[in-house]
Amino acid sequence: MTRIYDVLRAFGITRRFRGCRIAAEAVSIVLENEESLHAMTSEVYAVIAVKEQCTWYAVERNLRTVILYAWKKNRNLLIKMAGYPLEAPPTATEFIEILANFVKRLPPEKPQVEHVMIESTEAQV
C-alpha cells in the first residue's frame, strides 16, 4: 500500500484528503482482482463504503475530488502514467485503472515515481 500512497503523493494527494485513503484502497482492490474494474460500484465502492462507514456515492465523490486535484496539480504526469492522451480529467474508473497499471509496472525494489515526475516537469518547461 505504501507504493500506492507514493504514487498519489506525486500529485500532491496526501492523507489530508479523505479520498487519498479511498483511492489507495480502490487501487489495492483492483490490483488484487482486475475484474473488479467491470463492477466498480458493487465490487469496489461498496466494499470501501462499508469500511469507511459512508455511502458508495460518497466514495465516488471523494475519488472525483482527488482526480480533479491530480489533474490540476500535475496533468502531464497523469497523462504520462496513462500512456495515452487525456483531453479531460479521467473518470473514477479510468483513474483507478491508470494508477493500478502504473503501480503494477513499478520495479519491485523501489518505486520510480520520482523519475516520472522529473520527466513530466521537464516536459512543461
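These legends accompany several close-up views of one predicted model. Local features are reported at pLDDT of at least 70 and side-chain atom pairs only at pLDDT 80 or more, while totals for chains, interfaces and linings use all residues. Residues are numbered from 1 along each chain as its sequence is written, and side-chain values use heavy atoms, leaving out hydrogens and water.

View 1. The chain holds 6 helices and 0 strands, and its elements run α-α-α-α-α-α from the N terminus on. Helices (H or I, at least four residues) and strands (E, at least two) are DSSP runs, numbered from the N terminus. Of the 125 residues in the chain, 46% are buried; here buried means under 20% relative accessible area, exposed over 50%, and partly exposed in between, with a 1.4 Å probe and protein chains only. Among contacts with a separation of 6 or more, 57% come from residues 24 or more positions apart, where contact means heavy atoms within 4.5 Å.

View 2. Helix α2 covers residues 18-32, and its 15 residues should span 21 Å at 1.5 Å a residue. The expected span is 1.5 Å times one less than the number of residues. The end C-alpha atoms of α2 are 22 Å apart, which agrees. Because 11 of its 15 residues are buried, α2 is largely enclosed by the rest of the structure. Look for G19, C20, I22 and A23 among the buried residues, along with A24, E25, A26, V27, S28, I29 and V30. The buried residues of α2 pack against α1 (2-9), α3 (40-52), α4 (56-82) and α5 (92-105).

**View 3. Helices α3 and α4 cross.** These two helices pack at an angle of about 95 degrees, with their axes 8 Å apart. That makes α3 roughly perpendicular to α4. Axes are lines fitted to C-alpha atoms, for helices over the stretch in contact, and angles run from 0 to 180 degrees between N-to-C directions; those from 65 to 115 degrees count as roughly perpendicular. On the α3 side, T41, Y45, A46, I48 and A49 make the contact, and they meet W56, V59, E60 and L63 of α4.

**View 4. Q53 lies in the loop between α3 and α4.** With a relative accessible area of 76%, Q53 is exposed. Its phi is near 55 degrees, a positive value in a residue other than glycine. For context, most residues other than glycine have a negative phi.

View 5. A polar atom of its side chain lies 2.6 Å from the backbone oxygen of N33. Not counting residues up to four places away in sequence, S36 touches I29, V30, E43 and V44.

View 6. N74 counts as buried at 8% relative accessibility. A polar atom of the N74 side chain lies 3.1 Å from the backbone nitrogen of L77. N101, at 24% relative accessibility, counts as partly exposed. N101 and E34 are 67 residues apart in sequence, and their C-alpha atoms are 9.8 Å apart in space.

Methods. A polar contact is a pair of N or O atoms within 3.5 Å; within protein, one must be able to donate a hydrogen and the other to accept it, and residues adjacent in sequence count only if both atoms are side-chain atoms. Angles under 35 degrees count as roughly parallel, over 145 as roughly antiparallel, 65 to 115 as roughly perpendicular and the rest as oblique.
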